[in-house]
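Here are my comments on the model you sent.

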Amino acid sequence: MPLARLATATTPTRRIGLGLAAVGRPGYINLGRGEDLGEDRGVEALRARTHALLDAAYAQGVRYVDAARSYGRSEEFLADWLAARPGADDVVIGSKWGYTYTAGWSADAETHEVKDHSTAAYDRQRAETDALLGDRLDLYQIHSVTPDSPALTDKDLHARLAEAAARGLTVGFSTSGPAQADTIRAALAVTVGGEPLFRTVQSTYNLLETSAGPALAEAHDAGLTVIVKEGMANGRLAGPHAPDALKAVAAATGLGCDAVALGWILRWPWAGVVLSGAATVPQLLSNLRAPAVDLDPDRLARLAVLREDPHAYWERRRQLPWH
């Protein structure tokens, strides 16, 4: 499996990946993003920003990059970067299908993305991804599966995905919502020809939202690579937005709230890759200090009080404005 290449890296950052959700389009829900990106949200400005982040990440040992069809032009920006740097052939590339970007490069659009897990959507978006990333695509994930998603029961879709896997593409899924654990367990039961279909799972897990943890451990034990997204809770665990308990622990470690939040996730043995969603190079470099975080039992106990009810967490996330 292509993700196995990550295990051969020797850098401290080998378990940190770079997600492109925040820089592939002009609008997103991360807190503070307006200040991070400034006024210029043009295509070329975000292309340059994406390339700068990729350069910095690669130089620091990051070897997994995560995009999606719905992240605006993230696949295009990534493809441009790969074409200009043929020596970066050790980067593992993941993308996602299942949402269509509909904002027309506007941060003020009424609808930014539309969900569709049908076989027709897969065929269309797979062709679009192949046109940009071609054989550099290692991992293709179903975007934001929930318990009611037809992607869990559509046998025709499963057959298509199994065919892609037989040709060497790793097939995975991502989850969202308060029932992530139920989704993960349902997906683990999906088989084609008696063999498990999915080889990776990407889920939201952070100091505030921990409900998927036991199911992610089960997925890891079943042989899936676990990718953790939204470790910063869309900015709620960073900088001025961080809760006081996190700020206090960060001050004690001498590192940023972001590094502590990501370092806390890295403690879990089932967390194969933890994504940084940085929008600036300084943010990325701060995130990459996560492996150096020292969390003793006292600090862990102080952070444990931050856990929220998953329904409350996801309702809060749903209300975050697009910036």
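1. Basis. This is a predicted model, in which local features need pLDDT of at least 70 and side-chain atom pairs count only at pLDDT 80 or more, while totals for chains, interfaces and linings use all residues. Residues are numbered from 1 along each chain as its sequence is written, and side-chain values use heavy atoms, with hydrogens and water left out.

2. Helix 3 with helix 4. Helices here are DSSP runs of H or I with at least four residues, and strands are runs of E with at least two, numbered from the N terminus. Helix 3 (residues 74-84) packs on helix 4 (residues 119-133) at an angle of about 25°, the axes being 9 Å apart. Axes are lines fitted to C-alpha atoms, for helices over the stretch in contact, with angles from 0 to 180 degrees between N-to-C directions. The two helices are therefore roughly parallel (angles under 35 degrees).

3. Residues of that contact. From helix 3, E75, E76, L78, A79 and L82 meet E128, T129, L132 and L133 of helix 4 (contact: heavy atoms within 4.5 Å). Five of the contact residues are nonpolar, one is polar and three are charged. In this scheme Ala, Val, Leu, Ile, Met, Phe, Trp, Tyr, Cys and Pro count as nonpolar, Asp, Glu, Lys and Arg as charged, and the others, Gly among them, as polar.

4. Helix 6 with helix 7. The axes of helix 6 (residues 180-188) and helix 7 (residues 213-221) cross at roughly 20° and come within 8 Å, so this pair is also roughly parallel. A181, I184, R185 and L188 of helix 6 meet P214, A215, L216, E218 and A219 of helix 7. By class, the contact has seven nonpolar, no polar and two charged residues.

5. Largest pocket. Its volume, the space filled by probe spheres set on the grid points, is about 1200 Å³. Of the 50 lining residues, Y28, N30, E230, N234 and R317 are the closest to the centre. Elements that each supply at least two lining residues include strand 6 (139-145), helix 10 (281-287) and helix 12 (310-318). The lining comprises 18 nonpolar, 20 polar and twelve charged residues.

6. Second largest pocket. Here the space is about 260 Å³. Among its 16 lining residues, L3, A7, R14, T225 and G272 lie nearest the centre. The lining divides into eleven nonpolar, three polar and two charged residues. A pocket is an open set of points on a 1 Å grid over the protein atoms alone, where a 1.4 Å probe fits, with protein on both sides within 12 Å along at least five of seven lines; lining residues have an atom within 4 Å of a point.

Methods
Angles under 35 degrees count as roughly parallel, over 145 as roughly antiparallel, 65 to 115 as roughly perpendicular and the rest as oblique.
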